[in-house]
Structure formats: structure tokens, C-alpha cells
Amino acid sequence: MRQALGMLAIDTRGKGLLEITERVAGWVAEQGLADGLLTIFCRHTSASLVIQENAAPAVRRDMEAYFERIAPEDAVYEHDDEGPDDMPAHLRTALTGVQLTIPLIDGALALGTWQGIYLFEHRRRPHRRSLALHLIGA
């Protein structure tokens, strides 16, 4: 049994879903393990991680629009230290989560045909996001 730890820095362009599957899969391949379990952890409270369809761009647009409706910037929030997108970003992160766990089988992430790994940026301005990766296996 071996384990590997690493960090990925992801630059976002502002709000939206950013596919990071290739970056994550590249890091996993560098570790040389065949079978195991990958944990990805987003070290932020205003960005999150999701596994979602990576074929139809309409899925991403609909998801982004949905989260705009359920956690709008124009609602009244007590917490607005960093502007009107601050508290909605925290709500969206709470609803989606900051951790993913993905099996590694025969050296490849066990994602389904249409699944991709996304960093979901919830703030308007671009950010550099930090993801911690932990791979355990053989």
C-alpha cells in the first residue's frame, strides 16, 4: 500500500464551472498507482467541487443559473464583508461541498462516460484556488 499527497493550484475566471478532470487525472497518472482511492479537497469556503456531465454545455449553464436562483446576490444577508457575492458563495459551497472521493481502477479514475470533475467558482472575480489531493492504493 502506498499513498501520495499533492496540491493543485487552479486559476478561475470568475463565477462558473471549470472542468479540471485532465489536471487531476494527470496528477494521478504521475503517481504510478494502479488501484486505490483519490480524495480531492477544496481549501476554500467560496468555491466547491462537483462531478457533473462534461458533454453538454447546457448542463453547466443550467446548473450555474439554478444556483443563481437559490442563492441570489440581491437577497438580504448579514454577512457581506467582501461584497454582495460573499454570502451567496458560502451558501453555494455548503450546498455542493468541498470534497470528492473517486476510485482508481487499473490506473484510471473510475468516472462514468459523461462525468467530469469541476471546480465550481462562486465568486465574481478570478481567484487562485488550492486543491489538496490524497491518493492511497497499490
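Is Asp86 buried or exposed? Asp86 is buried, at a relative accessible area of 1%; buried stands for under 20%, exposed for over 50% and partly exposed for the range in between, with a 1.4 Å probe and protein chains only.

Before I continue, a word on the source. This is a predicted model, in which local features need pLDDT of at least 70 and side-chain atom pairs count only at pLDDT 80 or more, while totals for chains, interfaces and linings use all residues. Residues are numbered from 1 along each chain as its sequence is written, and side-chain values use heavy atoms, with hydrogens and water left out.

Asp86 belongs to helix H3, residues 86-96; helices (H or I, at least four residues) and strands (E, at least two) are DSSP runs numbered from the N terminus. Its side chain makes a polar contact of 3.0 Å with the side chain of His90. A polar contact is a pair of N or O atoms within 3.5 Å; within protein, one must be able to donate a hydrogen and the other to accept it, and residues adjacent in sequence count only if both atoms are side-chain atoms. Beyond its neighbours within four places in sequence, Asp86 is in contact (heavy atoms within 4.5 Å) with His79, Asp80, Asp81 and Arg123.

I turn now to Asp106. This residue lies in the loop between strand E5 (99-105) and strand E6 (108-109), and is exposed, with a relative accessible area of 67%. Most residues other than glycine have a negative phi.
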